[in-house]
Amino acid sequence: MAAVQLGGLHQNMLKDGVIPLWFDPTAQMVGTATARFYPTPALPGERLWEVTAYNLPPHKNFPACYVAAGALEHCDVDLPSGELLTPARRVHREEHERFLAYEQAAQERAARLQARLQAERVEATRSRREAEQEKRRAIAAQVAADQAERDRRAQEDQRRKEEERAAAEALQRMPLCEQFPPLFEPDPPPPAKAPWWQPWRRRR
């Protein structure tokens, strides 16, 4: 692993998405620009892109990079893209595919979480509306019951007043002798006088 300086040509290549390569025809070796030491094995589940990426960022403040050397006989040509796939570039692509797969899985998890939260919010809103409706129905039922009780009491009061008024009118139509019978009873006969020969009983 060696470090090399990146000039303006290298920066322009990186901006165009082209990874710089260095060839050694004598040793039949090819060097690939990388931002990570190579070969460092990636453990299962390790997210290398969070620590440092293989692909170089096209930035002017990135003055140097590491060069991963690989045998030319281990290289292949990607015909669709026309790119020479060195061992380091294969690692780059695998890293990028893992990154894309992780990002897609993260987006799917976020979408599922968002859908679940949305469903929970909808369910909470529906439950709250049902609770409010049930509360309004209970209040309306209580108000109706109170109104019915007031109407019943008012009807009882009205019926009692009508009965009292009818009784008063009937009493006024009755003759006085029926209203006050003791006043119209005949006087009792006066007591008979005792004969003069009957002695008076001594009072005790």
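Which residues make the nonpolar surface patch of about 460 Å²? The patch is formed by Leu176, Phe180, Leu183 and Phe184. Patches consist of residues with over 30% relative accessible area and no salt bridge, where like charges are joined within 9 Å and nonpolar side chains (Val, Leu, Ile, Met, Phe, Trp, Tyr) within 5 Å. Accessible areas come from the Shrake-Rupley method with a 1.4 Å probe, and for residues only the protein chains shown count as cover. Phe180 is located in the segment after α4 (176–179). With a relative accessible area of 41%, Phe180 is partly exposed; buried means under 20% relative accessible area, exposed over 50%, and partly exposed in between (1.4 Å probe, protein chains only).

The structure is a predicted model, in which local features need pLDDT of at least 70 and side-chain atom pairs count only at pLDDT 80 or more, while totals for chains, interfaces and linings use all residues. Residues are numbered from 1 along each chain as its sequence is written, and side-chain values use heavy atoms, with hydrogens and water left out.

Helices (H or I, at least four residues) and strands (E, at least two) are DSSP runs, numbered from the N terminus. Helix α3 comprises 87 residues and reaches 127 Å from its first C-alpha to its last, close to the 129 Å expected at 1.5 Å a residue. The expected span is 1.5 Å times one less than the number of residues in the helix. The buried residues of α3 are Pro87, Ala88, Arg89, His92 and Glu95.

A total of 11 salt bridges is present in the structure, a salt bridge being a side-chain nitrogen of Lys or Arg within 4 Å of a carboxyl oxygen of Asp or Glu. One of them joins the side chains of Arg90 and Asp76, at 2.6 Å from N to O. Because Arg90 lies in helix α3 (residues 87–173) and Asp76 in strand β5 (residues 76–78), this pair ties together parts that are 14 residues apart in sequence. Arg90 is partly exposed at 25% relative accessibility, and Asp76 is partly exposed at 41%.

A salt bridge also forms between Arg93 and Asp78, whose closest N and O atoms are 2.8 Å apart. Arg93 belongs to helix α3 and Asp78 to strand β5, so parts 15 residues apart in sequence are tied together by the pair. Arg93 is partly exposed, with a relative accessible area of 26%, whereas Asp78 counts as buried at 16%. In a further salt bridge, the side chains of Arg89 and Glu83 meet at 2.6 Å, N to O. Arg89 is buried, at a relative accessible area of 9%, while Glu83 is partly exposed at 22%.

Strands β2 (residues 21–24) and β3 (residues 29–34) run antiparallel and are joined by four bridges; two strands pair if DSSP finds at least two bridges between them. Leu21 has Thr32 as its bridge partner in β3. The hairpin of β2 and β3 has four residues between the strands, and Gln28 takes a positive phi near 55° there.

Helix α1 (residues 8–15) contains His10, which is buried at a relative accessible area of 18%. Apart from neighbours within four places in sequence, His10 is in contact (heavy atoms within 4.5 Å) with Gln5, Pro20 and Trp22.
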